[in-house]
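The sequence and model are shown first.

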Amino acid sequence: MDNNLAKEIYKIAHLTGSFTLRSGQISNEYFDKYLFESNPTVLSKVADQLALLIPDGIEVLAGLEMGGIPIATALSLKSNIPAAFVRKKAKEYGTCKLAEGTNIEGKRICIIEDVVTTGGQVILSANDLRSAGAIVEDIICVIERNLEGRRNLEEIGLKVHSLFKMEELIAAGKS
């Protein structure tokens with residue numbers, strides 16, 4: 001683990017105040033992943049580290065809407081592997097595609113996501129990509145929030161490659 005990068009991400013993305021969470025609960029802390037994803041210096045460092053996690057034989061990096069797209073783009077630039085941008089739902093007009101960009105059919109792809117919590121969206125997208133003819137066996141994420149997500153993804157045959165676990169970011173941020 002790159003402790004300096006972990007500290008930097010924590011410093012940028014960890015907010016204090018009053019925040020309503022997706023669950024409806026109120027928290028005095030919030031982790032805003034878009035703050036590190038929109039910072040070119042940090043995003044470049046993240047992509048450098050994630051490039052080391054790309055399994056051999058990957059033909060397409062599939063960034064999930066919305067947070068996985070900037071990560072996949074930066075990673076594509078570092079690795080020279082083409083990217084596809086995966087919608088939560090195939091659009092109902094024009095090309096009606098699920099994945100924009102590089103063709104995914106018959107290709108060995110790696111899903112790219114910013115944060116995995118329960119893995120719910122990754123599971124839906126992996127199933128959609130498989131239905132569209134992609135070979136999906138791996139996911140790379142920047143932050144793995146908890147073990148539940150990893151277990152859920154492994155249950156559908158995905159290998160999880162994460163740069164940081166949330167507790168590592170918290171520990172680095174408080175050191």
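How many residues has the largest nonpolar core, and which have the most contacts inside it? In this predicted model, the largest nonpolar core has 30 residues, and I9, F36 and V46 have the most contacts inside it. Helices and strands both contribute: the elements giving two or more residues to this core are α1, α3, α4, β6, β7, β8 and α7. Helix α3 gives the most, with five residues.

The surroundings of F36 can be listed. Leaving aside residues up to four places away in sequence, F36 touches I9, I12, A13, F31, V42, L43, V46, I71, V142 and I143.

**Helix α5**

Helix α5 covers residues 120-131, twelve residues that should span 16 Å at 1.5 Å a residue. The C-alpha atoms at its ends are 17 Å apart, which agrees with that expectation. Which residues of α5 are buried? They are V122, S125, A126 and L129. These residues cover an arc of only 105° around the axis, and therefore lie on the same side of α5. L124 and S131, on the other side of α5, are exposed.

The cover over the buried residues of α5 includes the strands β3 (60-64), β4 (83-86), β5 (99-101), β6 and β7, together with helix α6 (147-155). After α5 comes G133, with a positive phi near 100°.

**The sheet**

Six strands form an open sheet in the order β5-β4-β3-β6-β7-β8, and the pairing is mixed. Why is one side of β5 and of β8 left without a neighbour in the sheet? Both strands stand at the edges and each has a single partner strand, so one side of each has no neighbour there. On average, neighbouring strands are turned by 25° against each other, direction ignored.

Strands β3 and β6 run parallel and are joined by four bridges. V60 has I109 in β6 as its bridge partner. Helix α7 packs on the sheet, where α7 touches β7 and β8. The direction of α7 makes about 15° with that of β8.

Key. Residues numbered from 1 in each chain as written. Predicted model: local features only at pLDDT ≥ 70, side-chain atom pairs only at ≥ 80, totals over all residues. Heavy atoms only, no water. Core = buried A, V, L, I, M, F, W, Y, C linked by side-chain atoms within 4.5 Å. Buried < 20%, exposed > 50% of the residue type's maximum accessible area, 1.4 Å probe, protein only. Contact = heavy atoms within 4.5 Å. Expected span 1.5 Å × (residues − 1). Arc of directions from axis to C-beta. Pairing = 2+ DSSP bridges. Axes fitted to C-alpha atoms, helices over the stretch in contact; angles between N-to-C directions.
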